[in-house]
Amino acid sequence: MTLQEYDYARESPSKLAASCLLLALTMKNLGGWTPTLEYYSGYCSQDLHPLVKRLNFLLTYQPRDKLKAVRTKYSHRVFFEVAKVTPMDMLKLEEILKSC
């Protein structure tokens, strides 16, 4: 989704990927940013928090008329229906990130 948004072009691909992973871990309640993830990514959790919030905002307020084919594809069970996952509440996300 960020490939369509000019605001994300200035972010480094590694930081964007790490932020997406942290958001996914948080959304699926699979734990937080571990020392192993920090070591191999090169980013500590606090470095990723602003971008994680922006990504969640993008998921929450995305226009539904764009990228219909992508949404349909990733709504299939072969792709674990990831397009159907509801974004996190912004306040709850903020609370979880503060505790990391």
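Q: In what order do the elements of the protein run from the N terminus on?
A: The order is α-α-α-α-α. The secondary structure comes to five helices and zero strands, where helices (H or I, at least four residues) and strands (E, at least two) are DSSP runs numbered from the N terminus.

Q: What kind of model is this, and how are residues numbered?
A: This is a predicted model, in which local features need pLDDT of at least 70 and side-chain atom pairs count only at pLDDT 80 or more, while totals for chains, interfaces and linings use all residues. Residues are numbered from 1 along each chain as its sequence is written, and side-chain values use heavy atoms, with hydrogens and water left out.

Q: Fine. How does the radius of gyration fit a compact globule?
A: The protein has 14 Å, which agrees with the value near 13 Å that a compact globule of 100 residues would have. The radius is taken over C-alpha atoms, and the globule rule is 2.2 Å times the number of residues to the power 0.38. Along the principal axes, the C-alpha trace spans about 35 × 30 × 25 Å.

Q: What percentage of the residues is buried?
A: Buried residues make up 25% of the 100 residues. Buried means under 20% relative accessible area, exposed over 50%, and partly exposed in between, with a 1.4 Å probe and protein chains only.

Q: What about Phe 57 and Tyr 61?
A: Their ring centres are 4.7 Å apart with the planes at 50°, so the pair is tilted. Phe 57 is partly exposed at 46% relative accessibility, and Tyr 61 is exposed at 56%.

Q: On the backbone, which phi does Asn 29 have?
A: Asn 29 has a positive phi of about 55°, although it is not a glycine. Asn 29 sits in the loop between helix 1 (13-27) and helix 2 (35-41) and is exposed at 71% relative accessibility.

Q: And where is Phe 80?
A: Phe 80 lies in the loop between helix 4 (68-73) and helix 5 (90-99). Phe 80 has a positive phi of about 60° without being a glycine, and its relative accessible area of 72% makes it exposed.

Q: Is Thr 2 buried or exposed?
A: Thr 2 is buried, with a relative accessible area of 17%, and belongs to the segment before helix 1.

Q: Which residues does Thr 2 touch, then?
A: Not counting residues up to four places away in sequence, Thr 2 touches Tyr 8, Leu 16, Leu 55 and Leu 58; contact means heavy atoms within 4.5 Å. Thr 2 and Leu 16 are 14 residues apart in sequence, and their C-alpha atoms are 8.9 Å apart in space.

Q: Which contacts does Leu 21 make?
A: Leaving aside neighbours within four places in sequence, Leu 21 is in contact with Trp 33 and Leu 37. Leu 21 is in helix 1 and counts as partly exposed at 37% relative accessibility.

Q: Last one: where is Cys 44, and what does Cys 44 touch?
A: Cys 44 is in the loop between helix 2 and helix 3 (45-60). Cys 44 touches Trp 33 and Glu 38, not counting residues up to four places away in sequence.

Note on methods. Rings of Phe, Tyr and Trp (its six-membered ring) pair if their centres lie within 6.5 Å; planes under 30 degrees apart count as stacked, over 60 as edge-to-face and the rest as tilted.
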